[in-house]
Amino acid sequence: MATQHAPATIPNLRDKIPKLEPRRKRPPPANPLPVPETPSLPSPPDTSSYSFQVPTRRILSPRDHELFLASPTYTLVVSFVFSLSDAVADTPVSAIKSDDECGPAVQSILGILDEAEALVLATPPDDAEGSRFGNKVFRTFLDKAKAAGPAWHREKLGLASQDAIAEVETYLNHSFGNRTRIDYGSGHELNFIIWLLCLYQLRILDKTDFKALVLKVFVRYLELMRTIQSTYYLEPAGSHGVWGLDDYQFLPFLFGASQLLHHPFITPLAIHQELTLEEFGADYVYLGQVGFVNSTKTVKGLRWHSPMLDDISSAKSWAKVEGGMRRMFVAEVLRKLPVMQHFLFGSLVPAVEGMSTESEFGVANEEEEVEGGGVVVEHDGVKHVHNASSWGDCCGIKVPSAIAAAQMAKKNGAGETLRRIPFD
C-alpha cells in the first residue's frame with residue numbers, strides 16, 4: 001500500500017516581505033548660527049567733556065578687525081541697527097501719515113535730504129561721457145554737499161560746536177558714495193546709519209524717533225540715493241554681480257522683513273508678483289527695493305539677475321527671512337574686512353586701544369584712496385598694503401552700473417520690454 005504524504009503547507013510570504021513604510025523627509029540642515037538678538041542700547045553719553053575729532057579709518061588689518069568685533073562699539077552699532085529694525089515690526093510706511101507727525105529733529109533731517117536732492121538736480125551729469133561707469137560730475141555734487149554740510153548741522157540740527165560738526169558731518173558726506181572711485185555700496189549705506197547714531201549720541205534724536213527714522217528718514221535716503229545712482233551711474237562698490245543680495249543696498253531688506261514679520265497675506269514668494277510689488281511697494285521697503293532692482297536690470301526674472309533674492313523667497317515665513325537678514329548683516333557687513341576697512345571712528349563711535357591709525361601705516365584717507373582700498377597685511381614679518389575688493393583679493397575689477405546699462409538700453413530703443421533669457 002502506497003504511503004500517502006501530507007500536502008506541503010504553503011509558506012506565508014507576507015511575513016517575509018519587508019514592511020513598507022512611507023519615506024521620511026530628511027529635516028533641512030539646521031543653521032549653526034543662532035539669530036542675533038538685539039543687545040540693549042546704552043543711553044547717550046555725557047559729551048560735555050568730549051574732545052571731538054574728524055573720523056578716520058582704524059580697521060587697517062585683520063587684527064584691527066578682531067579688536068573691533070570684541071569692542072563695545074561693535075555692540076553699539078549692532079544694537080542701534082537692530083533697534084531701528086525692531087521699531088518698525090509689522091508697521092507699514094503709511095503708519096506715519098505725514099511729516100508733521102515726526103519730531104522736530106526728524107523733520108530737520110528730512111529737510112537736509114531734500115536740499116541734498118536739490119543739489120543733485122542742480123548738478124546734471126555730463127552726458128558727453130556716454131559711459132556705463134561713474135560720471136565724474138558726481139564729484140561736483142559731493143563738493144556742493146560738503147560745502148553745505150556745516151550750515152545744515154548748525155542751522156537745522158542746532159549743533160554749535162565746530163568740532164562736533166566736523167565729526168558728525170563726515171559720516172553724512174561719506175554716505176553718498178566714494179569720491180575717487182565714484183561707487184556706492186553697503187558700507188556707504190552704513191555711514192548714513194552711523195550719522196543717525198551720532199545724532200542719537202548727541203541727544204538730538206532719541207528712541208521715540210526710531211520708527212520715523214526708518215519709515216520716513218531712511219525711506220527718504222533711499223529715494224535720494226536712487227536719484228544719485230540714476231543720475232551719476234555710481235558703480236557698485238565691490239559687487240559680487242548677480243550673486244550678491246543687491247548691487248547697492250542691504251538695510252532695506254532687514255528693515256523690510258521686519259515690517260512684514262506677521263503680515264496676514266503677503267508671503268516671501270510675493271516678490272515674484274508684479275501687482276503685489278506695484279500695490280504694496282510704497283508701504284514695505286523690502287517690496288519697494290525688489291521693484292527697484294527689477295527696474296534697473298536688462299533681463300527679466302529675479303532668478304537670472306538676483307538669484308539670492310530668488311532663493312530667499314522660498315522661505316516659509318518672514319520670520320525666517322528677518323532672522324536670515326540679521327545673520328547676514330553681522331556676517332556679510334560687520335564681519336567682512338573689505339567692507340569694514342572703510343568704517344570711520346571718531347569720539348562718538350570710538351575705536352579701541354591697539355587699533356592702527358592711517359598715519360601709522362602711511363595709508364591715504366578714505367577720500368584720497370585709490371581703487372579697492374588699503375588693508376595692511378604682514379608676510380614674513382614685513383607689513384605692506386593690499387588693495388582688497390569684496391572678493392578678498394588684490395585686484396578689484398570695475399563693475400559697470402546696472403542702472404546705466406538699463407538707461408542706455410532705453411535710449412537705444414531696446415528698453416521698452418525686458419530681455420528674456422532664451423530658456424526661461
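Guide: Leaving aside neighbours within four places in sequence, glutamate 101 is in contact with Ala95 and Ile96. Before we go on, this is a predicted model, where local features need pLDDT of at least 70, side-chain atom pairs count only at pLDDT 80 or more, and totals for chains, interfaces and linings use all residues. Residues are numbered from 1 along each chain as its sequence is written, and side-chain values use heavy atoms, with hydrogens and water left out.

Visitor: Where does glutamate 101 lie?

Guide: Glutamate 101 lies in the loop between α2 (72-87) and α3. Helices (H or I, at least four residues) and strands (E, at least two) are DSSP runs, numbered from the N terminus. The chain has 16 helices and 6 strands.

Visitor: Why does glutamate 101 count as partly exposed?

Guide: Buried means under 20% relative accessible area, exposed over 50%, and partly exposed in between (1.4 Å probe, protein chains only). Glutamate 101 has 48% relative accessibility, so it counts as partly exposed.

Visitor: What does the side chain of glutamate 101 reach at 3.2 Å?

Guide: The backbone nitrogen of lysine 97. For a polar contact you need a pair of N or O atoms within 3.5 Å; within protein, one must be able to donate a hydrogen and the other to accept it, and residues adjacent in sequence count only if both atoms are side-chain atoms.

Visitor: What makes aspartate 114 and arginine 220 a salt bridge?

Guide: The rule asks for a side-chain nitrogen of Lys or Arg within 4 Å of a carboxyl oxygen of Asp or Glu. Here the N to O distance is 2.8 Å, so the pair passes. The two partners come from distant parts of the chain: aspartate 114 sits in helix α3 (residues 104-121) and arginine 220 in helix α7 (residues 210-232), 106 residues apart. As for the general idea, side chains of opposite charge can pair when their charged atoms come close.

Visitor: Which other residues form salt bridges with arginine 220?

Guide: Glutamate 117 does, at 2.2 Å from N to O. That pair also links distant parts of the chain, with arginine 220 in helix α7 and glutamate 117 in helix α3, 103 residues apart. Glutamate 223 forms a salt bridge with arginine 220 too, the closest N and O atoms being 3.5 Å apart. Glutamate 223 and arginine 220 are 3 residues apart in helix α7, so about one helical turn separates them.

Visitor: What makes Asp114, Glu117, Arg220 and Glu223 one network?

Guide: Their salt bridges share partners, and that joins them. By the salt-bridge rule, the count comes to 11 salt bridges.

Visitor: Why is glutamate 117 called buried?

Guide: Because its relative accessibility is 17%, glutamate 117 counts as buried. Its side chain also makes a polar contact of 3.0 Å with the side chain of threonine 227. Not counting residues up to four places away in sequence, glutamate 117 touches Arg220, Leu224 and Thr227.

Visitor: How many aromatic pairs are there, by the rule?

Guide: The count comes to 22 aromatic pairs. Rings of Phe, Tyr and Trp (its six-membered ring) pair if their centres lie within 6.5 Å; planes under 30 degrees apart count as stacked, over 60 as edge-to-face and the rest as tilted. Phenylalanine 265 and phenylalanine 280 have ring centres 5.7 Å apart and planes at 65°, so that pair is edge-to-face. Phenylalanine 265 is exposed, at 53% relative accessible area, while phenylalanine 280 is buried, at 17%. Elsewhere, Phe192, Trp195, Phe218, Tyr221 and Phe255 form one aromatic cluster.

Visitor: And how many disulfides does the structure hold?

Guide: The structure holds 0 disulfides, where a disulfide would be a pair of cysteine sulfur atoms within 2.5 Å. Cysteine 102 is buried, with a relative accessible area of 7%, and cysteine 198 is buried at 0%.

Visitor: What share of the chain counts as buried?

Guide: Of the 424 residues of the chain, 50% count as buried.

Notes
Contact means heavy atoms within 4.5 Å.
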